[in-house]
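Subject: The structure, plus some notes

Hi,

Here is the structure I promised to pass on.

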Amino acid sequence: MIPAVLQAVWGALCALPDADHGSGADDGLDEVGIFRLSADSSELSATKQWLDAQGRGDADADADADRDAPDRMRVGLRGVSGTCLACLIKAYLRDLPDDLWHGARPELEEALANQAGPEALGPLLSLLGVRERDVLLWACDVAAAVVARGDANGMSVQAMAVVLAPNVVRPLCSDALAMLAFTGRSVAWLTTVLAAHTPPPAAA
């Protein structure tokens, strides 16, 4: 249950060879600093507006059209920079209206406080709904795919944990010091999770 917009943006970033991309297509995962760098604000804003418009159209589409939505959006994302696409993925995860961990927030807080390792992920995911679990595992797949190209893009496991943790393990506290402490714990834990995570052959 991965939202069409995430599938489309990730597919555009990977530029996987298919009917829309030739076998010699560039691969955005090799871009140095991908997911760490900030995108051009005007490009990011314009692309967000376009994706929002596509999403509104898909809400009224039939089932067959909905299945085609990721491919249709990916074609429309041609020419968008890799940095912008990576920032869109982070922004989508960050701006989700519901906490991805709302079904396991107390257990998550306890795991972070106890400096749990990657073995804590499975039990925590079992407490979540299908949508939340799928999105979190998808984010881990994305991170693993980026890290696998670390020789080219310079992104290590820890670097991906630093950029993803605020978006997929969001602090709910409002106190600045508490937020800083939570983020530090979440980055440390996510680093262990990503180091142990093996994505499927085609993470998308």
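Let me start with a question: is Asp99 buried or exposed? Keep in mind that this is a predicted model. Asp99 turns out to be buried, with a relative accessible area of 13%, and the cut-off for calling a residue buried is under 20%.

Asp99 has a charged partner. Arg105 forms a salt bridge with Asp99, and the closest N and O atoms are 2.9 Å apart. Arg105 counts as buried too, at 10% relative accessibility. Arg105 is found in helix H5, which covers residues 105-113. Leaving aside residues up to four places away in sequence, Arg105 touches Asp99, Arg170, Leu172 and Phe182.

**The other salt bridges**

The structure holds 6 salt bridges. One of them joins the side chains of Asp30 and Arg149, at 3.1 Å from N to O. That pair links distant parts of the chain, 119 residues apart. Asp30 sits in the loop between helix H1 (4-14) and helix H2 (41-58), while Arg149 sits in the loop between helix H7 (130-147) and helix H8 (150-153). Both ends are partly exposed: Asp30 has a relative accessible area of 35%, and Arg149 comes in at 26%.

Another salt bridge is between the side chains of Arg94 and Asp95, with 3.7 Å from N to O. Arg94 is partly exposed, at a relative accessible area of 38%.

**Overall layout**

If you like to get your bearings from the fold, the chain has 10 helices and 0 strands. Read from the N terminus, the elements run α-α-α-α-α-α-α-α-α-α. Of the 204 residues in the chain, 45% are buried. Take the contacts between residues at least 6 apart in sequence: 77% of them join residues at least 24 apart. As for the surface, the chain exposes about 10,000 Å², with carbon and sulfur atoms supplying 55% of that.

**The core**

What does the inside look like? The largest nonpolar core has 63 residues. Those with the most contacts inside this core are Trp10, Phe35, Trp101, Val146, Met160 and Trp189. H7 gives the largest share of the core, 9 residues. In general, nonpolar side chains tend to be buried together in soluble globular proteins.

Not counting residues up to four places away in sequence, Met160 touches Phe35, Ala143, Val146, Val147, Met155 and Leu194.

Because 9 of its 11 residues are buried, H1 is largely enclosed by the rest of the structure. The buried ones are Val5, Leu6, Ala8, Val9, Trp10, Gly11, Ala12, Leu13 and Cys14. Just after H1, Ala15 takes a positive phi of about 50°.

**The tryptophans**

How many aromatic pairs does the structure hold? There are 2. In one, Trp10 and Trp138 are arranged edge-to-face, 6.4 Å centre to centre and with 80° between the planes. This pair links distant parts of the chain, with Trp10 in helix H1 and Trp138 in helix H7, 128 residues apart. Trp10 is buried, with a relative accessible area of 1%, and Trp138 is buried as well, at 3%.

The other pair is Trp101 with Trp189, again edge-to-face: 6.0 Å centre to centre and 65° between the planes. Trp101 lies in the loop between helix H4 (82-94) and H5, and Trp189 lies in helix H10 (residues 176-196), so the pair ties together parts that are 88 residues apart in sequence. Here too both partners count as buried, Trp101 at 2% relative accessibility and Trp189 at 3%.

Cheers

Methods
Residues are numbered from 1 along each chain as its sequence is written. This is a predicted model: local features need pLDDT of at least 70, side-chain atom pairs count only at pLDDT 80 or more; totals for chains, interfaces and linings use all residues. Side-chain values use heavy atoms; hydrogens and water are left out. A salt bridge is a side-chain nitrogen of Lys or Arg within 4 Å of a carboxyl oxygen of Asp or Glu. Helices (H or I, at least four residues) and strands (E, at least two) are DSSP runs, numbered from the N terminus. Buried means under 20% relative accessible area, exposed over 50%, partly exposed in between (1.4 Å probe, protein chains only). Contact means heavy atoms within 4.5 Å. A nonpolar core is a set of buried Ala, Val, Leu, Ile, Met, Phe, Trp, Tyr and Cys residues joined through side-chain atoms within 4.5 Å. Rings of Phe, Tyr and Trp (its six-membered ring) pair if their centres lie within 6.5 Å; planes under 30 degrees apart count as stacked, over 60 as edge-to-face and the rest as tilted. Accessible areas come from the Shrake-Rupley method with a 1.4 Å probe; for residues, only the protein chains shown count as cover.
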